[in-house]
Amino acid sequence: MEGGQYNPRTVEEVFGDFKGRRNGLIKALTTDVEDFYQQCDPEKENLCLYGLPNEQWEVNLPAEEVPPELPEPALGINFARDGMQEKDWLSLVAVHSDAWLLSVAFYFGSRFGFDKADRKRLFNMINELPTVFEVVTGAAKKQQKEKSSVSNHSSNKSKSNSKPGLESQEKYPKSQPKDEDEGFDEEEVEEHGETLCGACGENYASDEFWICCDICEKWFHGKCVKITPARAEHIKHYKCPSCTNKRARP
């Protein structure tokens, strides 16, 4: 894999590697989005989006080495492309890309023996940049506007001798109470108690998210097929990996 040939060893080098890969991913999901969309054909096999240290990107099959030289990106991003709105799909890929970037950076940190201070410095450098998700969804620009607004508001407040602590209360909204109806009721647990996951073969559990394939009607743990509850809301007809692969074969 092209992205695994360069091994940075210092905090600055790892951060430079992070920025290069991040810029490549942002390019795929913004300026090159039409090309990226076309390459993620759901009829193809499991595809991954790789950000490269030279600020380029590629859509490719996962690494064949087991275990791989570097942590791998989310697998099968192409399967979800046509099951949800394009902007939601791009946001989903962006979230997984952020998680992958962090995993690669801290893989290098672990491999080359970064201590607590090094790891903290690396994270702080990374945290100063907007996430891929924030850039793709436009949240980064919104946050920048709010930041300047809060900054101006802060200076005005200090001039007017406002009470200390009031500003921090305004910045962070109060946490919302949890929904009393959260969780599964006992009837549902009994109904699905004998259901087995089509991927791992384990029983149904009330604290786990499940999804049913609309083709073979088998049930799967969300984690086994990499489907989250949020992503499931945007999928009209879910096809499990097995049914998807069957359809892809000539």
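Helices (H or I, at least four residues) and strands (E, at least two) are DSSP runs, numbered from the N terminus. By that rule the protein chain has 10 helices and four strands, and along the sequence they follow the pattern α-α-β-β-α-α-α-α-α-α-β-β-α-α. This is a predicted model, in which local features need pLDDT of at least 70 and side-chain atom pairs count only at pLDDT 80 or more, while totals for chains, interfaces and linings use all residues. Residues are numbered from 1 along each chain as its sequence is written, and side-chain values use heavy atoms, with hydrogens and water left out.

Of the 250 residues of the protein chain, 32% count as buried; buried means under 20% relative accessible area, exposed over 50%, and partly exposed in between (1.4 Å probe, protein chains only). Contact means heavy atoms within 4.5 Å. Among contacts in the protein chain between residues at least 6 apart in sequence, 59% join residues at least 24 apart.

The aromatic rings come next. Rings of Phe, Tyr and Trp (its six-membered ring) pair if their centres lie within 6.5 Å; planes under 30 degrees apart count as stacked, over 60 as edge-to-face and the rest as tilted. Seven aromatic pairs turn up in a search of the whole structure. One of them is the stacked pair of F36 and W89, 5.3 Å centre to centre with 15° between the planes. This pair links distant parts of the chain, with F36 in helix 2 (residues 33-39) and W89 in helix 3 (residues 86-111), 53 residues apart. F36 is buried, with a relative accessible area of 0%, and W89 is buried, with a relative accessible area of 0%.

The rings of Y37 and W89 have centres 5.8 Å apart and planes at 90°, so this pair is edge-to-face. Because Y37 lies in helix 2 and W89 in helix 3, the pair ties together parts that are 52 residues apart in sequence. Y37 is partly exposed, with a relative accessible area of 22%. Ring pairs link F36, Y37, W57 and W89 into a cluster. R81 lies over the face of Y37, at 4.2 Å from the ring centre; a charge sits over a ring if NZ of Lys or CZ of Arg is within 6 Å of the ring centre and within 35 degrees of the ring normal.

Helix 3 also packs with helix 4 (residues 116-127), at an angle of about 150° and with the axes 11 Å apart. The contact is made by L102, A105 and F106 of helix 3 and R119, L122, F123 and I126 of helix 4. Axes are lines fitted to C-alpha atoms, for helices over the stretch in contact, and angles run from 0 to 180 degrees between N-to-C directions.
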